[in-house]
Amino acid sequence: MNFIKNAKKFALDVLFPKFCFGCAKEGVFLCAPCEKDINDTINVQKCPVCSLRNFSGLVCPPCKKYTNLSRFLFAHSYKNPLARELIHAFKYQGIIELAQPLAGLMVRTVKNFEVPLRKTMLMAPIPLHPARLRSRGFNQSEMLASILAKEFELELVADNLFRRVHTSPQVECTGFKERRKNIEKAFAVKNPSELGGKRVLLIDDVSTSRATLDEAAGVLKEAGAISVWGIVVARG
Ligand SMILES: [Zn+2]
Ligand SMILES: [Zn+2]
């Protein structure tokens, strides 16, 4: 079996050679030095509302009334070309082995900023609408969330929050207001009792305007969650 697996891997590697997205070296999609480089550039967080820099990811007190999130962490700016390219390749080209290094960036962020996780926290990915899930074949946020859940030994809840509306992609909307409108009432919860009294970590790959995270966090809180934090690979 192993021999067949290895032979298959060898054939695939010959037919579709991999190149590092960072330095174009052949053999892997992200080589160790490039992975180290991109990990080393994580050094500051910003309030998701007013963008004031901080080192905790916490929403500043005066901004709390504008968001359903109490903490927001991102590993990179979406302006970082390598981060953007990796997310793009993962999500749109379906290179799912990039889930590991991308989740690794989030793990590193949580550790770097000494985010106080509790064993009772739930890890929830931003869901895709079933139609989008069918066309993409996988939910990129769920893949990231499941790696994070394993790493931090938290419970993954991937089938409670769901999308009841098939919205147009947020990237096609401009500005917070339009994005907020596009995503409004898009989410619902199947089983509120699972969320009652819980702290939830919402996971997404990219947040451009925080509108999606904010909307989902609002629905989770209506269902009884006491606080919601958002963690993404890249902030737009
Ligand atoms: Zn490289
Ligand atoms: Zn603020």
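Donors are N, O and S atoms within 2.8 Å of the metal (3.2 Å for Na, K and Ca), and water is not among the atoms, so sites may look incomplete. In this predicted model, local features need pLDDT of at least 70 and side-chain atom pairs count only at pLDDT 80 or more, whereas totals for chains, interfaces and linings use all residues. Side-chain values use heavy atoms, with hydrogens and water left out, residues are numbered from 1 along each chain as its sequence is written, and chains are lettered from A and ligands numbered from 1 in the order in which they are written.

| Ion | Donor atoms | Distance | Spacing in sequence |
|---|---|---|---|
| zinc ion (ligand 1) | Cys20 (SG), Cys23 (SG), Cys31 (SG), Cys34 (SG) | 2.3 Å | C-x2-C-x7-C-x2-C |
| zinc ion (ligand 2) | Cys47 (SG), Cys50 (SG), Cys60 (SG), Cys63 (SG) | 2.1 to 2.3 Å | C-x2-C-x9-C-x2-C |

Around the zinc ion (ligand 1), the four donor atoms subtend angles of 102 to 114°, which makes the arrangement tetrahedral, a term that for four donors requires all angles to lie between 85 and 135 degrees. The zinc ion (ligand 2) has a tetrahedral arrangement because its four donor atoms subtend angles of 104 to 115°.

By an automatic or database domain assignment, the protein chain is divided into domain 1 (1-34) and domain 2 (41-235). Five residues from domain 1 and eight residues from domain 2 take part in the contact, where contact means heavy atoms within 4.5 Å. The centres of the two domains, taken over C-alpha atoms, are separated by 30 Å.

Between them, domain 1 and domain 2 bury about 620 Å², with 79% of it on carbon and sulfur atoms; buried area is the accessible area (1.4 Å probe) that two parts lose on being put together, summed over both. In domain 1, the residues that lose the most area to domain 2 are Phe21, Phe29 and Leu30, together 85% of what that side buries.

One salt bridge is counted between the domains, defined as a side-chain nitrogen of Lys or Arg within 4 Å of a carboxyl oxygen of Asp or Glu. Lys18 forms a salt bridge with Glu97, and their closest N and O atoms are 3.3 Å apart.

Technical notes:
Tetrahedral: all angles 85-135°; square planar, octahedral: opposite > 155°, others 65-115°.
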